[in-house]
Amino acid sequence: MKNEALFSEINLGPYTLKNRVVLPPLTRSRSTQPGNIANDLMADYYGQRAGAGFMVTEGTQIEPRGQGYAWTPGIHSQDQIEGWKKVTREVHDKGALFLRSFGM
Ligand SMILES: Cc1cc2nc3c(=O)[nH]c(=O)nc-3n(C[C@H](O)[C@H](O)[C@H](O)COP(=O)(O)O)c2cc1C
């Protein structure tokens, strides 16, 4: 098959990726308001793309002053952390590796 290397495993540091498809960080601004909380819509979005071997999240502010755009999902309040756990669980259940891209 042509392009079969794309669909073969590769090691990335300590991780073995199931293929070489990568989702880059893409600002989607779909967090729940108020509070910039990761939600089910985001779990669906990332879950739909978990066929990729490696995914980078949208920029995620680690404190309120780190927010660059409206409605980006933070990871500094307890509600935000719980929201991200849902998203991460969805992706991990589907076998992709997920790296958080942080805004500061
Ligand atoms: C935090 C963050 C958010 C990004 N958001 C977007 C986005 O919303 N749309 C977009 O086209 N690229 C976005 N980018 C850039 C893409 O991730 C990607 O690097 C860009 O599309 C260039 O891809 P290429 O290197 O394959 O040409 C973002 C990058 C970062 C670091």
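Where does Asn19 lie? Asn19 sits in the loop between β2 (15–17) and β3 (22–23). Strands here are DSSP runs of E with at least two residues, helices are runs of H or I with at least four, and both are numbered from the N terminus. The model is predicted: local features need pLDDT of at least 70, side-chain atom pairs count only at pLDDT 80 or more, and totals for chains, interfaces and linings use all residues. Residues are numbered from 1 along each chain as its sequence is written, and side-chain values use heavy atoms, with hydrogens and water left out.

Asn19 is buried, at a relative accessible area of 8%. Buried means under 20% relative accessible area, exposed over 50%, and partly exposed in between (1.4 Å probe, protein chains only). The Asn19 side chain reaches the backbone nitrogen of Val21 at 2.9 Å. The Asn19 side chain also reaches the backbone nitrogen of Gly53, at 2.7 Å. Leaving aside neighbours within four places in sequence, Asn19 is in contact (heavy atoms within 4.5 Å) with Leu6, Phe7, Ser8, Ile10, Gly51, Ala52 and Gly53.

Two packed helices are described by the angle between their axes and the distance between the axes. Helix α1 (residues 40–48) packs on helix α2 (residues 78–93) at an angle of about 25°, with the axes 8 Å apart. Axes are lines fitted to C-alpha atoms over the stretch in contact, and angles run from 0 to 180 degrees between N-to-C directions. That makes α1 roughly parallel to α2, a label for angles under 35 degrees. The contact involves Asp40, Met42, Ala43, Tyr46 and Gly47 of α1. From α2 come Trp84, Lys86, Val87, Glu90 and Val91. By class, the contact of α1 with α2 has six nonpolar, one polar and three charged residues. Nonpolar covers Ala, Val, Leu, Ile, Met, Phe, Trp, Tyr, Cys and Pro; charged covers Asp, Glu, Lys and Arg; the others, Gly among them, count as polar.

The buried residues of α1 are Met42, Ala43, Tyr45, Tyr46 and Gly47. At the start of α1, a side-chain oxygen of Asn39 reaches to within 3.2 Å of the backbone nitrogen of Leu41.

Leu99 belongs to strand β5 (residues 97–103). Leu99 counts as partly exposed, at 45% relative accessibility. Not counting residues up to four places away in sequence, Leu99 touches Phe54, Met55, Val56 and Thr57. Leu99 and Ala70 are 29 residues apart in sequence and 21 Å apart in space, C-alpha to C-alpha.

Note on methods. Angles under 35 degrees count as roughly parallel, over 145 as roughly antiparallel, 65 to 115 as roughly perpendicular and the rest as oblique. A polar contact is a pair of N or O atoms within 3.5 Å; within protein, one must be able to donate a hydrogen and the other to accept it, and residues adjacent in sequence count only if both atoms are side-chain atoms.
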